Amino acid sequence: MDLLRSETMQLVQLIIPVESAHRSISYLGDLGLFQFKDLNSEKSPFQRTYATQIKRCGEMARKLRFFKEQMRKAGLSPSTRSAMSDDVDLDNLEVKLGELEVELIEMNANNEKLQQSYNELIEYKLVVQKASEFFHSAQNLAAAKQREVEAQQRGEGSIDSPLLLEQEMVTDPSKQVKLGFVSGIIPREKSLAFERILFRATRGNVFLKQSAVEGPVTDPASGEKAEKNVFVVFYSGERVRNKIVKICEAFGANRYSFTEDLGKQYQIIAEVSERLEELKTTIDVGLVHQINLLQTIAYHFEQWSHLVKKEKSIYHTLNMLSIDVTRKCLVAEGWCPVFATNKIQNVLQQGTVDSNSQIGTIFHVLQTKESPPTYFHTNKFTSAFQEIVDAYGIAKYQEANPGVFTIITFPFLFAVMFGDWGHGICLLLATSYFIIGEKKFSSQKLGDITEMIFGGRYVIMMMALFSIYTGLLYNEFFSVPFELFGPSAYGCRDPSCRDATTAGLVKVRTTYPFGVDPKWHGTRSELPFLNSMKMKMSILLGVAQMNLGIILSYFNAKFYGNELNIRHQFLPQMIFLNSLFGYLSLLIIVKWCTGSQADLYHVMIYMFLSPTDDLGENQLFFGQKFLQILLLLAALVSVPWMLFPKPFLLKKQHDERHRGQSYALLETNLDDSDETELHHGSSSHEEFQFSEIFVHQLIHTIEFVLGAVSNTASYLRLWALSLAHSELSSVFYDKVLLLAWGFNNIIILIIGLFVFICATVGVLLVMETLSAFLHALRLHWVEFQGKFYEGEGYKFQPFSFASLDTEDE
Amino acid sequence: MGFLVTTLIFSVVGIIASICSRICCNRGPSANLLHLTLVITATVCCWMMWAIVYIAQMKPLIVPILSEGE
């Protein structure tokens, strides 16, 4: 059976000519059955042969990441149906990626520049418009004032007035102080501070007029929209001008020049509008171009990134091979399963042919003492169970794999703790949703928890099926029993049924044929009966599983040819466990079959305390006392049998081997170097410390003896969890659903039903499932595997492209 | 229906299940052996649990005592 022991592995040496190396490794990656050993582990990554190639791949990966960023910004996603066109060569791809990157960067820069000038022009237009309004209104005001003054002048003709008139007329342009102005646009939130600082810096000698702009304006420097105000600052003097300019720059206000001439203003506005139109069309065309480019990239993206990842992994693998420059070939060492030999040789042949090489690859099996990796050939059903076992420890090479039995016993023990066929049906429905949509889900990317549930869908299915079975046995459908398999065995003592609540019912028919009798539910003596039955069941199941574990250790010992383990470990262990707990199981069965009233606690304890005493009313069968003494002696003998013989026999074995070697040294004339080599080899290989071996065996013995008691008791958790589950289920049913039913009100019934469903799903289906899962797992890992499993191997990890996509994400 | 009769039924169901698995999924000797092992393990587990529950009720030491108000 393949799953019971690891596939046979062999250490293989491949001698590949350089020209076919790349192609051969690529084909081996497709096959996925060869694990390469790193022959260059002392070299740093930069000293390796193909470091430059890896750098190239890294560059290409960076470019691809850049493209992905750009696509994400533009809102595109790489199309899932990638073009499976002809094999794109790596060099061509590199060149293409370089070109695309340059083009994309250039386009981005151009777009940005255009956008910036567009925004600046918009601001300029706004400034011109608003500032011309100022000047226009100011000029109107001034003209109105002038007309007033003239009217006044014409009106008044007195002696004082000519003097005043003269004074006013004396204001000729040459003496007029020329007012300069600075116009620009500033973000609204800074405008107040701007005004204040201007006032303080110029000691109030400037005049600032602001006007708000409706609607947000895109700032050319930052590219973000902001509320802005157009301002005009009137000043006189050159130094003040410098101060104002510096303050504008500090506040991030953009300054734009402005002419007073009305005609020129109109001209400027017309020109700017025209330019804005042009720019807009240019920008739009640019964007369309960019999106086209990104779409072409998106179409090929998946294929390209896959290719780059593949190439990178091929070069990493090539780096692990040692190069033999004189013979122009690469040497690879690695593990592969023996059954794959033909496939690998074919693939290498294909590689040689495809790369037009004269020399074929040499496939050479090496002999080694190294321990090979462990490889189990699993399918989608068995892989989940194998993962459960591997989580504890990978099996040593060719050790018996507990996964074979775990496929059945793990869901079974879960079901013993979960037994309710209503809940089992719910679990089955939930998991069939995942199993039916298998193909769809395996290609999607799921969240963490959903991924775990999807990975374990077959485990949950088995758990659900067994839960339905045990639920039928415990007779619990959401804690309600049914009489499905015939009439109940219990009936009233007499027709009036007076004693039903005091002395109870009587067994009037044959035993209920399948499962627990439905009459038990809700009675006062239900718990004592069920507890007794479930505890005894747990002991029986536990002893059975532990015996299976010890028998597997026998098969392991036989396989490895370890006679010592068979005679001095398996036998005493079997005798010890079965003479105590096997006997207890026998007593349980005999008590049930005969209906005796013997007290089993008493029997077991007094078997140790006073074995020669008369059993009295605890006698279950004839010859019990004699049997008990016999079993006690057997158990007492088996403990030193487990402890002493093995270390002494191991020492004798080692001495024999050693003595044999020293004979060889005397007889043959080996040179000094060989002698020392042999000596070193033997002493370092078998450092035999007797005390260490003895202590190891002592620990092993104590662990087994004490473990026999504690592990058997540990199986009582099967009873404990099953009790908890049935009590919770019965509480939710009685105290929620029946209570709501009793009110005879539809609203309360709906609320009650809702609470019942929430409680069942949350507590029983989620929490209890996880809890029973965990405890069944513990029982397997500690109590079952502790009897035979070493778990000190390492997993076979072949070089395969199939695992690429998952490992890089 | 009796203990022995039902045990016989369990063994017959087990044999039929192993034959079915051999017919439906015949994939090489090692896979066949694995399927056989799984079917036998499942049958033994199920039978053991049924047998325990059945035997526990054959000669009961406690009887159901109904609670008040039933």
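This is a predicted model: local features need pLDDT of at least 70, side-chain atom pairs count only at pLDDT 80 or more; totals for chains, interfaces and linings use all residues.
Residues are numbered from 1 along each chain as its sequence is written, with chains lettered from A in the order in which they are written. Local features need pLDDT of at least 70 and side-chain atom pairs pLDDT 80 or more, while totals for chains, interfaces and linings use all residues, and side-chain values use heavy atoms, without hydrogens and water.

**View 1. The interface of chain A and chain B.** Contact (heavy atoms within 4.5 Å) joins 51 residues of chain A to 33 residues of chain B. The two chains bury about 4,000 Å² between them, 74% of it on carbon and sulfur atoms, where buried area is the accessible area (1.4 Å probe) lost on putting the two parts together, summed over both. A:M1, A:T511 and A:W592 supply 15% of the area that chain A buries against chain B, more than any other three residues.

**View 2. Salt bridges across the interface.** Taking a salt bridge as a side-chain nitrogen of Lys or Arg within 4 Å of a carboxyl oxygen of Asp or Glu, the rule finds zero between chain A and chain B.

**View 3. The largest cavity.** Among the four cavities of 30 Å³ or more in the structure, the largest holds about 90 Å³ of space; a cavity is a set of points on a 1 Å grid over the protein atoms alone where a 1.4 Å probe fits but cannot get out, and lining residues have an atom within 4 Å of a point. Its lining includes A:Y474, A:W520 and A:H521.

**View 4. The second largest cavity.** B:S18, B:S21, B:R22, B:N32, B:H35 and B:L36 line this space of about 40 Å³.

Methods
On a 1 Å grid over the protein atoms alone, a cavity is a set of points where a 1.4 Å probe fits but cannot get out, and a pocket is an open set with protein on both sides within 12 Å along at least five of seven lines; lining residues have an atom within 4 Å of a point. Grid points are joined across faces, edges and corners, and a volume is the space filled by probe spheres set on the points.
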